[in-house]
Amino acid sequence: MRNAPTDPGPLIPRNRAAHPVAYDPDYKTSVSRSPKWPLLSMESTITEETGPVFGHGLLGPLDNNLILNFTQGEAPAVGERIRVHGRVLDETGRPVPNTLVEIWQANAGGRYRHIKDTYFAPLDPNFGGCGRTITDDDGAYEFMTIRPGAYPWPNRANDWRPMHIHYSIFGSGFGQRLISQMYFQGDPLIDLCPIAHTIKDRGQLDRLVAPLDMAGSRPMDYLAYQFDIVLRGRRQTMFENKPEGM
Amino acid sequence: MTQTLRRLTETPSQTAGPYVHIGCIPTFAGNPGIYPEDLGLRAIEDGALGEPITITGAVYDGTGWALRDAMLESWQADAAGLYPGQPGADPNVNGFCRFAADKDSGDYALSTIKPGRTRLRDGREQAPHIAVWITARGINIGLLTRIYFDDEDNSADPVLSRIEQRPRADTLIARKTGEGRYRFDIRLQGDNETVFLDM
């Protein structure tokens, strides 16, 4: 029996092979932070099938414009102007509307505005590095930002992160929660990055690489990149309403 | 050959990295002013029904060191066992909260109300619990677990009952340390590794 008239259905079990491994010695921090014992796998419950809902009223007018939002529109950030856009879908191909998408990134020089980032590339006084938006009825979203720089990080002796934008997506249930990273087409550092390569299926890693989208760009203004996101889906069949075993 | 299956594959996860705070809780990260306030500051608003509680703890790596850069999210029902959005749910319970390990000590604190029992489709009851999702540098896909309470009857809980090694179920149970106060430590690896869920 469904437990509420609006029961959206159980979540499709997560295909863990589509995701990075937890333990990867090339990404050194994962060595002490990866669980050793198997996860406990169970069918989702109402706890994972429900989740927070954020209304469009949450958003300020510049929340999805990282070029302007740190100065509240006073002065633009330095860097290559880009538009990043895409759709959020689920595994069944349905759009995921009205869901919160948050991003964060380094500035054009590869420096984060964070107390623990000590890289000597300078901060941009006009760039904070975070933005958020909510998908429309078709699951579509967009951001204006600057292309982040690559930067070195302490791991192996000379590791560099490819240019990337961090993504956080909610979905409609807490069990759909996802954090990932978007990379840029043609960046040679992707092949060298131990974090990117915690994903062992190359086809899955390629899904994090956003293609240049000239048709989505604006002449004399900005380039565009397309980045679609797929969240876990929900099982919905006409047999779902029957008690177990019937 | 077969027809092509009309299914998409989930986008793969990547680590939230050390600077997750910039994107998710920018005021905490020292970058105020972009948003009026950080998302998920409060699990409850004034007037929420139920027993006010504060849960404190830390997230430990396999060496026993408390993570200073973890970010956690919680999701819970109201005191009557209804999740926000369900008919009749307490309008003063947001259910969702974001909180981070202290950058110096690694301690976290979650102030909320104790959730009620919730019901599954098949009629079974879940003991009161709070779902917790942990992200940090070095965690390649967010880790899901649950906080249960040692002063509740957890004996018939469907999740706790599925843990074959009974002592491991204790890793999901917060210990009462005072009136309305509980301790819940998360161990990513090593002795008493927390049970993480794939649900």
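Helices (H or I, at least four residues) and strands (E, at least two) are DSSP runs, numbered from the N terminus. One such strand is β2 of chain B, residues 71-76, and Trp75(B) is found in it. This is a predicted model, in which local features need pLDDT of at least 70 and side-chain atom pairs count only at pLDDT 80 or more, while totals for chains, interfaces and linings use all residues. Residues are numbered from 1 along each chain as its sequence is written, chains are lettered from A and ligands numbered from 1 in the order in which they are written, and side-chain values use heavy atoms, with hydrogens and water left out.

Trp75(B) has a relative accessible area of 0%, so it counts as buried (under 20% relative accessible area, with exposed over 50% and partly exposed in between, for a 1.4 Å probe and protein chains only). Contact means heavy atoms within 4.5 Å. Leaving aside neighbours within four places in sequence, Trp75(B) is in contact with residues of chain A, including Thr47(A), Pro52(A) and Phe174(A), and with residues of chain B, including Tyr83(B), Phe96(B) and Ile130(B). The side chains of Trp75(B) and Thr50(A) are joined by a polar contact of 3.0 Å. A polar contact is a pair of N or O atoms within 3.5 Å; within protein, one must be able to donate a hydrogen and the other to accept it, and residues adjacent in sequence count only if both atoms are side-chain atoms.

The next topic is the interface as a whole. Chain B brings 71 residues to the contact and chain A brings 85 residues. The area buried between the two chains is about 7,200 Å², with 56% given by carbon and sulfur atoms; buried area is the accessible area (1.4 Å probe) that two parts lose on being put together, summed over both. Of the area that chain B buries against chain A, Glu10(B), Gln14(B) and Arg121(B) supply 14%, more than any other three residues.

Seven salt bridges are found across the interface of chain B and chain A, a salt bridge being a side-chain nitrogen of Lys or Arg within 4 Å of a carboxyl oxygen of Asp or Glu. Arg98(B) forms a salt bridge with Glu102(A), and their closest N and O atoms are 2.7 Å apart. On the side of chain B that touches chain A, α1(B) gives the most, with five residues.

Strands also pair between the chains (DSSP must find at least two bridges between them). Strand β1 of chain A, residues 40-41, is joined to β12(B) by two bridges, and these strands run parallel. Leu40(A) stands opposite Leu197(B) in β12(B).
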